[in-house]
Amino acid sequence: DYRRTMRNASETAAVLGVSPWMTPYQLWLLKTGRAETKVTAAMQHGTEMEATARAAYEAETGNIMQPLVLQRDRYSASLDGMTLEGDLIVEIKCPYKGQGSKLWQEVQADQVPDHYAAQVQHQLMVSGARLAHLYVFDGVQGLLRPIEPIEHAVQRIHDGWDAFQVYLD
């Protein structure tokens, strides 16, 4: 129920039309209770690997990260981790195919897919952190990609959600 009422970071890519998994219409169905989220094997894998990946990230970086959900106005972000100082967040991805995944290849080439960039910018906006780490973990090792806040991304997120809200209303 909480997720239905909030503008969630994990849904921003769908709102902006850059999600490879969900259209704005499919998100509308979820937000209005006309459909339910189907947990895929890849989603389940990511959930099961998250604690292990966070521990590997902490060992690699020396950062101690606390998972938490933050809210700013109508915007929400479920963070995989944030420092106690609040200056750094981490978004963990554990692709089902590990190093054979497209995500691994993109991050290794120093690229962040648009759908994850939108999610992380939303998280930065809600948290107020000055930096995010995208951490892609294959079960043994990880790739780390720093992401800084982009000022114009905040406006794009607000504009996208405001336009989407018309359909929810």
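The exercises below work through cores, a helix, a pocket and salt bridges in one predicted model.

Residues are numbered from 1 along each chain as its sequence is written, and side-chain values use heavy atoms, with hydrogens and water left out. Because the model is predicted, local features need pLDDT of at least 70 and side-chain atom pairs count only at pLDDT 80 or more, while totals for chains, interfaces and linings use all residues.

**Exercise 1. Find which residues touch the most other members of the largest nonpolar core, and which elements give to this core.**

Step 1. A nonpolar core is a set of buried Ala, Val, Leu, Ile, Met, Phe, Trp, Tyr and Cys residues joined through side-chain atoms within 4.5 Å. Buried means under 20% relative accessible area, exposed over 50%, and partly exposed in between (1.4 Å probe, protein chains only).

Step 2. The largest core has 28 residues, and I89, L124, V136 and W161 touch the most other members.

Step 3. Elements are DSSP runs numbered from the N terminus: helices (H or I) have at least four residues and strands (E) at least two. Those that give two or more residues to this core include α2 (12-15), α3 (24-31), β3 (75-82) and α7 (151-168). The most comes from α6, with five residues.

Step 4. A separate second core has 12 residues, among them A53, I92, L131 and F137.

**Exercise 2. Describe the lining of the second largest pocket.**

Step 1. On a 1 Å grid over the protein atoms alone, a pocket is an open set of points where a 1.4 Å probe fits, with protein on both sides within 12 Å along at least five of seven lines; lining residues have an atom within 4 Å of a point.

Step 2. The volume is about 270 Å³, counted as the space filled by probe spheres set on the points, which are joined across faces, edges and corners.

Step 3. Of 16 lining residues, A117, A118, Q121, I150 and R156 are the closest to the centre. At least two lining residues come from each of α6, β6 and α7.

Step 4. By class, the lining holds 10 nonpolar, two polar and four charged residues (Ala, Val, Leu, Ile, Met, Phe, Trp, Tyr, Cys and Pro count as nonpolar, Asp, Glu, Lys and Arg as charged, the others, Gly among them, as polar).

**Exercise 3. State how many salt bridges the whole structure has, and examine three of them.**

Step 1. A salt bridge is a side-chain nitrogen of Lys or Arg within 4 Å of a carboxyl oxygen of Asp or Glu. The search finds seven.

Step 2. R3 pairs with E11 at 3.6 Å between the closest N and O atoms. R3 is partly exposed at 42%, and E11 is buried at 9%. A network of salt bridges links R3, E11 and K31.

Step 3. D162 and R7 meet at 2.8 Å, N to O. D162 is in helix α7 and R7 in strand β1, so the pair ties together parts 155 residues apart in sequence. R7 is buried at 5%.

Step 4. D87 and R130 form a salt bridge, with closest N and O atoms 3.4 Å apart. D87 lies in the loop between β3 and β4 (88-93) and R130 in the loop between α6 and β5, so parts 43 residues apart in sequence are tied together. R130 is exposed at 55%.
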